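Notebook open, model loaded. I'm jotting down what I look up as I go.

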Amino acid sequence: MRQLLHKLFGSRIDQPQEQARPVIVVSGLPRSGTSMMMKMLEAGGLRVFVDNLRTPDPDNPEGYYEYERVKQLDKGDTAWVGEAQGQVVKVISALLEHLPAEHRYQVIFMNRNIGEVLASQKKMLQRRGEATDKISDEAMADLFAKHLEKTTTWLQAQPNFETLFVDYNRLLADPQPQTQAVNRFLGGALDEAQMAAVVNPDLYRNRA
């Protein structure tokens with residue numbers, strides 16, 4: 001039987017099936033530096049899973065690095081996730097729990113001072129002419145803090161998720177240590193110099 005299989009399929013029967021590559025996910029609260037990290041990973045040599053439907057604007061002059069169908073994860077649109085294996089996709093923290101369990105994930109989770117996140121979000125809403133006084137900053141900061149705590153606990157409990165937490169503020173102040181940590185987390189083959197060169201302090205416009 002084995003000889004017959006060799007004739008039909010050659011040496012492939014002796015080779016173990018290649019393990020599917022993980023999906024690399026950049027996550028965090030909106031306005032927490034996720035777009036910058038996407039650009040860093042692209043500069044480092046990784047493929048980014050984006051559709052470029054959302055174009056750069058004054059809030060994100062260097063691009064959003066989004067894939068539009070990510071926003072439908074909570075509606076059950078997950079068929080695309082398998083296509084993103086071995087690539088980098090941006091998924092906001094509120095949607096992480098909707099990623100399908102049959103895949104493996106390496107998550108780079110961006111943490112930023114919540115006061116800065118709120119200030120950045122408020123400026124973006126003001127620029128778009130949307131209301132910014134529906135909820136107080138104090139109440140929103142409390143909601144964000146509870147969400148981050150819950151999300152962190154959830155991530156650490158998932159057997160198919162590996163997570164690296166990256167401090168946005170420290171990354172801007174000193175890119176090298178954070179860049180090295182990201183590279184080690186993803187296997188050590190990235191171009192750290194190109195990644196660090198992406199960090200642009202001029203875009204750090206909402207400081208605590």
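Which residues of the largest nonpolar core touch the most other members? I get Met37, Leu41, Ile108, Val182 and Leu186, out of 25 residues in that core. By nonpolar core I mean a set of buried Ala, Val, Leu, Ile, Met, Phe, Trp, Tyr and Cys residues joined through side-chain atoms within 4.5 Å. Buried is under 20% relative accessible area and exposed is over 50%, with partly exposed in between (1.4 Å probe, protein chains only).

Ground rules before I go on. This is a predicted model, where local features need pLDDT of at least 70 and side-chain atom pairs count only at pLDDT 80 or more, while totals for chains, interfaces and linings use all residues. Residues are numbered from 1 along each chain as its sequence is written, and side-chain values use heavy atoms, with hydrogens and water left out.

**Overall.** I count seven helices and four strands, running α-β-α-β-β-α-α-β-α-α-α from the N terminus. Helices (H or I, at least four residues) and strands (E, at least two) are DSSP runs, numbered from the N terminus. Of the 208 residues, 40% are buried.

**Back to the core.** I looked up who supplies the 25 residues. Strand 1 (23-28), helix 2, strand 3, strand 4, helix 5, helix 6 and helix 7 each give at least two. Helix 2 has the largest share, with five residues. I also found a second, separate core of 24 residues, with Leu29, Leu95, Val117 and Leu148 among them.

**Val182.** I skipped neighbours within four places in sequence and found Val182 in contact (heavy atoms within 4.5 Å) with Met37, Leu41, Ile108, Leu164, Val166 and Met195.

**Helix 6.** Which residues of helix 6 (residues 175-185) are buried? I list Pro175, Gln178, Thr179, Val182, Asn183 and Phe185. They sit on the same side of helix 6 because they cover an arc of only 160 degrees around the axis; the arc is that of the directions from the helix axis to the C-beta atoms. Gln176 and Arg184 are exposed on the other side. The cover over the buried residues includes helix 2 (34-44), strand 3, strand 4 (161-167), helix 5 (168-173) and helix 7 (192-198). After helix 6 comes Gly187, with a positive phi near 110 degrees.

**His103.** Is His103 buried or exposed? Its relative accessibility is 14%, so I count it as buried. I find His103 in the loop between strand 2 (88-90) and strand 3 (105-111). Beyond four places in sequence, His103 is in contact with Val81, Gly82, Gln85 and Asn160.
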